Amino acid sequence: MATPEAVDWDAIIRDPRFQSLHRRKARFLWGLMAVSVVFYFLLPIGAAYFQDLFKIQVWGVVNVALLFALSEFLVAWVVAFWYARKASRDFDVIAAEIAAQYGARR
Amino acid sequence: MNPAQAAAAPDYQWLTFTVFAVIIAITMWVTYLAAKRVRSAADFYTAGGGISGFQNGWAIAGDYLSAASFLGIAGLISLYGYDGFMYSVGFLAAYITVLLLIAEPCRNIGRYTLADILAYRNDPRRTRVFGALSTITVSTFYLTAQMVGGGVLVKTLIGINYETSVICVGILMLAYVIFGGMVATTWVQIIKAVLLVCASIVMVALVWSPYGFSLPAFLKVVVGDPNVQARVATLLGDPAKNMTAAELGQRFLEPGLYFKAPIDQISLGMGLVFGTAGLPHILMRFFTVRTAQQARGSVVWAMAIIGGFYVLTLFLGFGAAHSVGPAAIAAVDAGGNMAAPLLAQYLGGGPASFWGNLMLAFVSAVAFATIVAVVAGLVLASASAMAHDLYVGVVRAGRETTPRAQVTAARVATLIVGAMSIGIGIAAKGQNVAVLVGLAFAVAASANFPCVLLTLYWKRCNTTGIVAGMLIGTITAVGLTLVSPNVTYPLAVKAAAHKVLDAEPAKRSAATAALASEDAAVAAKAKKDLAGLDKAVAKATADIAKWGEERTSFVGLEQPLFSLKNPGIISIPLGFLAVLLGSLLTRDPRAEATWNEVYARQNTGIQVTKAAAH
C-alpha cells in the first residue's frame with residue numbers, strides 16, 4: 001500500500017472535474033434522499049391522520065392503504081435502479097478519470 | 001398447552017431432527033472449506049475483500065432478515081393485519097439511506113469496523129473507544145433479542161429445553177465464526193437467505209394459487225373469514241358491537257389495529273429508516289467487497305431480495321390468518337412468531353401428515369439457520385470492535401501487531417462475546433425482549449448514524465462532536481426507553497388487575513344467567529365466556545400477588561415519564577445536535593486538515609486497502 005502522502009488530495013479537491021462531480025453528486029443524492037424520506041413518511045402519516053382516505057376500497061377489497069404500502073416497494077426499487085444507473089454511467093466515469101490521473105487505483 | 005406438542009407432532013420428531021441435521025451439516029462443510037482460507041485479520045474480518053456484489057447482496061439479506069422479521073412480521077400481519085405490513089415497508093425503505101449516503105463512502109474510507117470510519121479524521125484513540133463501545137452496545141441489544149427469541153423458537157419447534165436451545169445456537173455460531181471468520185459467516189448467511197426466500201416462495205405459491213394469483217380474490221377470502229372477523233372484534237372491543245361481519249373483516253386491511261399512537265409510529269419509522277444505516281453488522285458487510293461499485297451493487301441486490309421477501313410476508317401473514325386462524329396462532333405463541341411455521345404445516349397437509357410435518361421441519365430449520373446466521377454476524381461485529389478497535393487500535397496503539405496475533409485476538413474476542421451472549425441469553429429467559437430490537441435500532445439511529453454521516457459529509461465535524469454524539473445519542477435512546485411504557489409499572493399492572501376483579505361478579509352473573517338459555521349458541525358462548533373469565537381472574541390474582549407492595553418500575557418510577565414506546569423522534573435529533581454543537585464549539589486542526597483527503601477518497605476510491613485476491 002502506498003503512503004497517503006503519495007497522493008495530492010488538495011489538488012484533487014481543486015480539480016474542476018472533481019468540483020463538478022461533487023456538485024452533481026450532492027444535488028442528485030440529497031435530492032433523491034429527500035424525496036424518498038418524504039415519500040416513506042407519507043405512509044405512517046397517512047395511516048395515522050388520513051384513515052378515511054386509506055380505507056377507500058379501489059380494487060375489490062384492496063384499499064388505498066394496501067396499494068400505498070405496495071407502492072413504497074416500487075418506489076424504493078425505482079430509486080435504487082435509477083441511482084445505480086446514474087452512478088455507473090456518470091459518476092463512476094469521472095471518478096475513474098480523476099483516480100487514474102492522481103493515484104494508481106490499486 | 002405445551003407449545004412443543006403444538007408445533008411438531010411427536011411421531012415426526014425424527015423428521016425435524018433430520019432436516020435440522022442436513023442444514024447444519026451443509027453449513028459446517030462450508031465452514032470447513034472457509035477455515036482453510038482464514039490467514040490474516042483481513043480474511044477474518046472481511047473475507048479478504050473477496051466477496052462479489054451479488055454474493056454480498058444475498059449475505060446482507062441473510063444478515064438483515066432476522067427471525068424477528070421473518071417470523072415476527074408474518075406473525076404481526078396474521079394477528080393485526082395491515083399494521084404488521086407497515087413494518088415490512090420500513091425495513092426496506094431503510095436501505096435507501098444505506099444506498100445513497102452510506103455504503104460507498106464507507107467502503108472507500110473504512111477497513112474492518114465502524115470505528116475505522118470515525119478514526120480516519122478524528123483522534124483515533126478516543127473515537128475508537130467510543131465507536132467500539134457503541135458497536136458493542138447496539139450488537140448486544142440485538143444479540144440478546146436474537147438469543148432469547150432463538151431459544152424460545154427452538155424450544156417450541158423441537159421441544160428441547162430453553163437453556164439447551166440457547167447453548168446449541170451459541171456453540172454452532174461460535175464454530176462458524178471462530179474457524180471460518182467472515183468467509184464462513186458470509187456463506188452461512190447466503191445459504192440461509194436462499195433457503196428462506198425459496199421456502200417463502202413455495203409457501204406463497206401454495207397459499208395464493210387457489211385464487212388464481214389474484215390479489216383481490218385472495219384478500220376477499222381473508223376478510224370473509226369468520227376467525228379473522230372474530231379477531232378484529234376482540235381487538236376493537238366495544239366499538240366492534242356496531243359493526244357488521246363484513247366491516248370487521250375489512251378492518252383487518254386497514255391501519256390502526258396494532259399502532260395506537262400516531263407519533264409513536266412515526267418515531268418507529270425514523271428509528272428504522274436511519275437506524276439500519278448505523279447498524280455495525282450491516283456496515284461491516286461493505287468491507288467485504290473490493291470497490292464502491294460492488295458496495296453499491298450489493299445494496300441494490302439486497303434491496304431486490306429483501307423487498308421481494310417483505311412483499312411475500314403479506315401473503316404469509318394473511319395466509320396464516322385465514323388458514324390457521326389468529327386465535328390458533330396466538331395460542332401457540334402470543335407474539336404470533338409461529339404463524340409462518342404453522343402455515344407451512346397446514347399447507348403440507350396438516351399436523352397429522354408426513355408432508356405437513358416435512359414442511360414444518362423445513363421452515364423451522366430455516367428459522368433456526370436464520371437465528372444462527374444473524375447471531376454470527378452480530379458476534380463478528382462485536383468481536384471486531386473488541387479486537388481490532390480496542391485491543392489493536394487502543395491497547396497496543398503505536399506498536400506493531402503481527403497478522404497472526406491479530407487473528408488470535410479476533411478469535412479470543414469472538415469466544416468472549418460468544419460466551420457472553422450465551423450467558424445473557426440464559427439470564428434473560430422469559431423476558432420480553434422485543435423492545436431490545438427497537439432499542440438497537442434507536443441507538444444505531446441516534447448515535448452511530450449522525451456520527452458516521454457527519455464525519456463523511458461535514459468538514460467541521462471533529463472528535464469532540466463524535467464523542468458528544470455517541471454519548472448523547474446512546475444515553476437519550478436508552479434513557480427514554482427506560483422511562484417509557486415499555487417497562488413494567490407495578491401500579492398500572494395492579495390497577496388493571498383490580499379492574500378485572502371488580503368487574504368479575506357482574507360478568508359472572510350475566511354469563512351464568514345466559515348459561516341457562518334455551519338457545520344452544522348463547523349457552524355455548526356463555527360457557528366460553530366463563531372459562532375466559534376464570535383465566536382472567538387467575539392472571540389478575542397472580543399479578544397482584546407477584547407485585548405485592550411494589551409501587552415503582554425497576555428505575556423507580558410510578559408511571560412512564562415519556563409516553564412513546566419509540567424514542568427515535570427525540571433521540572435522533574438530539575444525537576445530530578450533539579455532533580453539531582460538539583464540533584462547532586471546538587477546533588480540531590487534524591480533522592479539518594484531513595477533510596480533503598477523506599472527501600476526495602470517498603468519491604474516487606483511490607487507494608482502497610488492497611484486497612486479497614483469492
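1. The model is predicted: local features need pLDDT of at least 70 and side-chain atom pairs count only at pLDDT 80 or more, while totals for chains, interfaces and linings use all residues. Residues are numbered from 1 along each chain as its sequence is written, and chains are lettered from A in the order in which they are written.

2. Chain B has 26 helices and 0 strands. Both are DSSP runs numbered from the N terminus: H or I of at least four residues for helices, E of at least two for strands.

3. An automatic or database assignment sets the domain bounds. Chain B splits into domain 1 (3-487 + 560-604) and domain 2 (496-547). Their centres, taken over C-alpha atoms, are 41 Å apart.

4. The radius of gyration of chain B is 25 Å, which agrees with the value near 25 Å for a compact globule of 614 residues. This radius is taken over C-alpha atoms, and the globule rule is 2.2 Å times the number of residues to the power 0.38. Of the 614 residues in chain B, 59% are buried (20 or more other C-beta atoms within 10 Å of the residue's own, with C-beta atoms placed from the backbone).

5. The contact between the chains takes 53 residues from chain A and 44 from chain B; two residues are in contact if their C-beta atoms, placed from the backbone, lie within 7 Å. On the side of chain B that touches chain A, five helices each supply at least two residues: H6 (82-109), H10 (215-223), H13 (262-275), H15 (292-323) and H26 (595-604). H6(B) gives the most, with 10 residues.

Notes
Buried ≥ 20, exposed ≤ 12 C-beta atoms within 10 Å, placed from the backbone.
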